[in-house]
Amino acid sequence: MKTFVINGPNLNLLGTREPEIYGSDTLEDIAKRCQKLGKQHGIEVEFRQSNHEGTIVDWIQEAINKIDAIILNAGAYTHTSVAIHDALRAYSGYKIELHISNPHLRETFRHISYVSPASDAVIAGLGVNGYELALDILPDLLNPRK
Ligand code: CA2
């Protein structure tokens, strides 16, 4: 089982600013914990970040017919990107939209998501724990117990 964990714009700044919203872990801290947890669950985790919309579209396309699941924190592109929405629609593996904060408790421009209608599930508002929670649930989602 293999999953992409894709992170969008400015998430490379985690741990440097706005700790009251995003916590104090860096993206590298989160990536390390995800790799460790992935090994425990038998999931190969490919953890990536880009500030570029087209790169994120390319990575979603790369996952088609190759990767079992995508965990996607599209950052601000969540609220703007039809291109990411379309790429997600073309990918038939399991898709989890992830946010560290709960965008619905924030500015109204964050209340719209172009990612949600193209995703199987949404995790939001649980802090950086959301990444590990997504990996914890993935084996069950991909191989449901009878
Ligand atoms: O809560 C989330 O995970 C978000 O996807 C984070 C995005 C935001 O635009 C979404 O509405 C919700 C922003 C990520 C920016 O991360 C920073 C971290 C530290 C310092 C500055 C930005």
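The report below treats the helix and then the sheet.

This is a predicted model, in which local features need pLDDT of at least 70, side-chain atom pairs count only at pLDDT 80 or more, and totals for chains, interfaces and linings use all residues. Residues are numbered from 1 along each chain as its sequence is written, and side-chain values use heavy atoms, with hydrogens and water left out.

Helices (H or I, at least four residues) and strands (E, at least two) are DSSP runs, numbered from the N terminus. Helix H2 (residues 27-41) has 15 residues, and Leu-27, Ile-30, Ala-31, Cys-34, Leu-37 and Gly-38 in H2 are buried (under 20% relative accessible area, with exposed over 50% and partly exposed in between, for a 1.4 Å probe and protein chains only). Because these residues cover an arc of only 135° around the axis, they are on the same side of H2, the arc being that of the directions from the helix axis to the C-beta atoms. The face turned away from that side carries the exposed residues Glu-28, Lys-32, Lys-36, Lys-39 and Gln-40. Just after H2, Gly-42 takes a positive phi of about 70°.

The open sheet of 5 strands has the order E2-E1-E3-E4-E5, with parallel pairing, where two strands pair if DSSP finds at least two bridges between them. Its edge strands are E2 and strand E5 (121-124), each of which pairs on one side only.

| Helix | Lies across | Angle |
|---|---|---|
| H2 | E1 and E2 | about 165° to E2 |
| H5 | E1, E2, E3, E4 and E5 | about 165° to E4 |

Note on methods: Expected span 1.5 Å × (residues − 1). Contact = heavy atoms within 4.5 Å. Axes fitted to C-alpha atoms, helices over the stretch in contact; angles between N-to-C directions.
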